[in-house]
Amino acid sequence: MSVFRLERQGDGIVHLVMDHPDRKVNVLDARALADLETALDELERLDGVSGVVLVSGKSGSFIAGADVEAIGAITERDTVLALIRRGHAAFGRLSNLAVPTVAAIDGVCLG
């Protein structure tokens, strides 16, 4: 099961849903980042999209931030920098979509 999934709504709106299946709250980890990249690939290919809404699949919690334990376990500087750059690139793709994008934040939103 993916961390990110696309759900078509009416009138060309697509929900980009983050719902980490292995966690009580959503966090950005390597798996989430890979799934976001995959979801963006799919989203960029979709026809008829007029807007994207980023939502959480977790009730009362949007995101708890990055997985600091996983980041802390990385000992190679270049590995950390590559992960940061990859995250920036993914969120850059999201912000550069040809349609309006918004985040529907409900509950805790950290990081």
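The legends below describe close-up views of a predicted model.

**View 1. Largest pocket, with a volume of about 370 Å³.** The lining of this pocket consists of 15 residues, and L28, A66, I71, L83 and G87 are the closest to the pocket centre. Three helices, α1 (30-45), α2 (68-73) and α3 (77-95), each contribute at least two lining residues. The largest share comes from α3, with 6 residues. Sorted by class, the lining of the largest pocket holds 11 nonpolar, 2 polar and 2 charged residues.

**View 2. Second largest pocket, with a volume of about 290 Å³.** Here 17 residues form the lining, and those closest to the centre are L28, L54, F62, I63 and F91. Two or more lining residues come from each of β4 (61-63), α3 and β5 (101-103). Of these elements, β5 gives the largest share, 3 residues. The lining of the second largest pocket comprises 14 nonpolar and 3 polar residues, with no charged residues.

View 3. Helix α3 supplies at least two residues to the lining of the largest pocket and two or more to the lining of the second largest pocket.

**View 4. Packing of α1 and α3.** Two packed helices are described by the angle between their axes and the distance between the axes. The axes of α1 and α3 come within 10 Å and cross at roughly 30 degrees. Angles under 35 degrees count as roughly parallel, and α1 and α3 are therefore roughly parallel to each other. Their crossing is left-handed. On the α1 side, the contact is made by L33, A34, L36, E37, L40, D41 and E44. On the α3 side, L83, R86, G87, A90, F91, R93 and L94 take part. By class, this contact has 8 nonpolar, 5 charged and 1 polar residues.

View 5. V99 lies in the loop that runs between α3 and β5. V99 and G51 are 48 residues apart along the chain, and their C-alpha atoms are separated by 5.1 Å. Leaving aside residues up to four places away in sequence, V99 touches V49, S50, G51 and V52.

Definitions and conventions:
Residues are numbered from 1 along each chain as its sequence is written. This is a predicted model: local features need pLDDT of at least 70, side-chain atom pairs count only at pLDDT 80 or more; totals for chains, interfaces and linings use all residues. Side-chain values use heavy atoms; hydrogens and water are left out. On a 1 Å grid over the protein atoms alone, a cavity is a set of points where a 1.4 Å probe fits but cannot get out, and a pocket is an open set with protein on both sides within 12 Å along at least five of seven lines; lining residues have an atom within 4 Å of a point. Grid points are joined across faces, edges and corners, and a volume is the space filled by probe spheres set on the points. Helices (H or I, at least four residues) and strands (E, at least two) are DSSP runs, numbered from the N terminus. Ala, Val, Leu, Ile, Met, Phe, Trp, Tyr, Cys and Pro count as nonpolar, Asp, Glu, Lys and Arg as charged, and the others, Gly among them, as polar. Axes are lines fitted to C-alpha atoms, for helices over the stretch in contact, and angles run from 0 to 180 degrees between N-to-C directions. Angles under 35 degrees count as roughly parallel, over 145 as roughly antiparallel, 65 to 115 as roughly perpendicular and the rest as oblique. A crossing is left-handed if the near helix is turned anticlockwise from the far one by less than a right angle, and right-handed if clockwise. Contact means heavy atoms within 4.5 Å.
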